[in-house]
Amino acid sequence: MRKPNVIIILADDLGYGDVGCNGSTHIRTPNIDRLAAEGARLTDFYASANVCTPSRAGLLTGRYAIRSGLAHEVIQPADTTGLPPGEITIPKALKPDYATALIGKWHLGHVAPHWPPTNYGFDRFYGLAYSHDMRPLQLFEADGPEVTAHEGRVDLTKLTQRFFEQTMAFAEAHRERPFFVLLALTAPHIPLRPNPDDPTGSPAGDYGDVVEEIDLNVGRLLDRLQALGLDDDTLVVFTSDNGPWFEGSSGPFRDRKGGSAWDGGFRVPLVVRLPRRIPAGTVGRGLASNLDLLPTVLSLAGLEPPADRELDGLDLTPMLMGGEGGHDEILLFNNNHVAGLRTPRWKLVARSYYRDMDIPLDGLPLLFDMQADPGETYSVASLYPEVLADMRERLARARAKYEPIAAQFPPHVAPASAKDHPD
C-alpha cells in the first residue's frame, strides 16, 4: 500500500466555533465540514500553547515547546533565537520517503541556524518568516539552503490564494511519490485582508470573509487532489494554532488566544480525512493535542517515532479509526508555567490574568467538571476533595518535570521597544 500523502492545513487564530461542524452560525464552511463528514472530527483537541510560536514548535516536534526553549511568548523580528536545529520535526522524521514542503508562515526563527525552514527537513519553503502584522515583511522562497527574497510589498489580500496554489503545485510536481505539506496560513490573524477575487459576503464581516476564503480554497484543493488521482491517498488535516484573538468564536469555551489556562485559548478545531482508512463521520471525544500529529502521521506512514527522545504526543490512529484513545492528561502552558491540567472529565486552572497581572490561583482552587460545565464557570473543588487532591498531585508532578527546563535556555523575547506592532 502506498504511504499516504499528508497535507496539514494550519489556520492562524481560528476559533473552535468558527467552523460549521463545530456549531458556527455566522461563518459558512461547507468544505471544512465535508472533511469532517467524510472523515473524523475530534471534539476535545487542544493546541499545545495559547499563542503562535510555542504551538507551532509543539506541532512540528511532538514535544511541549518548553523542551525547545520556545514556551515564552512569540518570536519577534528583533529576536535571534528559534527552534533548536537538533529537534526532530515531522518532515525530518518522514525522510527519505517523503518530499516535503512548508508553505506559509514559519515563525520559529529567522536568523541562522534557525533559518531557513529547509534546515528542518523541508525540501521547499514558500512563505513568511513570521506573522504578517510584523515588520519588515517579505515573501521568501527556498528549495534548499539558499533563500530568495521576493521584492516589493507583500499583497496581504492574496496570501491565502497563493499558499493554496503553491500547495497544489507541489502536490502535482510530486504526485508519483509520497509528499508532506505543512500549509501554514496567515488567516484569520489580523490584519484582516479579504481577497477581492473571492468575495463571499460573509455575515461575519471581514473575519468571516477570510475564513470563508480559506474554506473555498479547501474545496479547490480537494478538487485538485481528485483530478490528480491523489484523493484516496492523501491525509488532509485541518486545525488552528490557538484560539481566536480579537474576533472569532471560542464556541462554548472560556476566554481567547493568550488567555492563560482557560480552554478558549487552546481548544481548536481538528478534522481529518483519509478515504478508505478513516471511517466517514467519526467523532472522537478523547483528549488530543497538536503534539499528537507527529506520532500519528508517522504511524499512518508506517514509520517509527524518534527513539532518542521523549515525545509528549501519542498516536491518535485508534481514535481516528472510530475506537478509543487519547491522553490521560493534557498540560496547558502559559509561557513557562504549567497553568492548567485537563483530564477526560476534570480541569484544574492554576493561573489566570487580571488587567496586567499574571495571577497564580493555587489557593482558590478552581476545579471544573468539563462534562457538566465545559465553559468553566463554577468550581466544584469543595464537592470533590479527592479529585482535587489527585489533580493537584498531577499538577505538582508536571511542574517539577517541565518548569526547570526553561532555565536551560536564554530568554528570546526582544525588549518592548524593539517589537513591531499590528498595522
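Predicted model: local features only at pLDDT ≥ 70, side-chain atom pairs only at ≥ 80, totals over all residues.
Two strands are said to pair where DSSP finds at least two bridges between them.

An open sheet is formed by 10 strands, with mixed pairing and the order 7-6-5-4-8-1-9-10-2-11. Its edges are strand 7 (147–149) and strand 11 (282–284), each of which pairs on one side only. Direction ignored, neighbouring strands of this sheet are turned against each other by 10 degrees on average. Within the sheet, two bridges link strand 2 (residues 40–42) to strand 10 (residues 270–273) in the antiparallel sense. Arg 41 has Val 271 of strand 10 as its bridge partner.

Two helices lie across strands of this order. Helix 1 (residues 30–37) lies across strand 2, strand 9 (234–240) and strand 10, and its angle to strand 10 is about 65 degrees.

The burial pattern of helix 1 is one-sided. Asn 31, Ile 32, Leu 35 and Ala 36 are its buried residues. Seen down the axis, these residues fall within an arc of 155 degrees, so they line one face of helix 1. Pro 30 and Ala 37 are exposed on the other side of the helix. The cover over the buried residues of helix 1 includes strand 2, strand 9 and strand 10, together with helix 5 (205–227). Strand 2, strand 9 and strand 10 are also the strands that helix 1 lies across.

Helix 6 (residues 293–300) is mostly covered, with seven of its eight residues buried. The buried residues are Leu 293, Leu 294, Pro 295, Thr 296, Val 297, Leu 298 and Leu 300. They pack against strand 1, strand 9 and strand 12 (288–289), and against helix 2, helix 3 and helix 7 (317–320). Just after helix 6, Gly 302 adopts a positive phi of about 75 degrees.

The loop between helix 2 (52–61) and helix 3 (90–94) contains Arg 63. Arg 63 counts as buried because its relative accessibility is 12%, and the cut-off for burial is under 20%. A polar atom of the Arg 63 side chain lies 2.9 Å from the backbone oxygen of Glu 310. Apart from neighbours within four places in sequence, the residues in contact with Arg 63 are Ala 57, Gly 58, Glu 87, Leu 291, Arg 309, Glu 310, Leu 311 and Asp 312.

Strand 14 (337–342) and strand 15 (346–349) form a hairpin, with three residues between them. The two strands run antiparallel and are joined by three bridges. In this pairing, Leu 341 stands opposite Leu 348 of strand 15. Strand 15 is also joined to strand 18 (366–369), again in the antiparallel sense, by four bridges. Val 349 stands opposite Leu 366 of strand 18, and Trp 346 has Asp 369 of strand 18 as its bridge partner.

In a regular strand, side chains alternate between the two faces of the sheet. From strand 15, Trp 346 and Leu 348 point one way, Lys 347 and Val 349 point the other way, and all are buried. Strand 18 is likewise covered on both faces: Leu 366 and Phe 368 are buried on one side, and Leu 367 and Asp 369 on the other.

Helix 8 (residues 385–402) comprises 18 residues and spans 26 Å from its first C-alpha to its last, close to the 26 Å expected at 1.5 Å a residue. Its buried residues are Val 387, Leu 388, Met 391, Arg 394, Leu 395, Ala 398 and Tyr 402. These cover an arc of only 125 degrees around the axis, and are therefore on the same side of helix 8. An α-helix has 3.6 residues a turn, so residues three or four places apart point the same way. On the other side of helix 8, the exposed residues are Pro 385, Glu 386, Arg 397 and Ala 400. The elements covering the buried residues of helix 8 include strand 13 (330–334), strand 14, strand 15 and strand 18.

Technical notes: Residues numbered from 1 in each chain as written. Heavy atoms only, no water. Buried < 20%, exposed > 50% of the residue type's maximum accessible area, 1.4 Å probe, protein only. Polar contact = N/O pair within 3.5 Å; in protein donor to acceptor, adjacent residues only side chain to side chain. Contact = heavy atoms within 4.5 Å. Axes fitted to C-alpha atoms, helices over the stretch in contact; angles between N-to-C directions. Expected span 1.5 Å × (residues − 1). Arc of directions from axis to C-beta.
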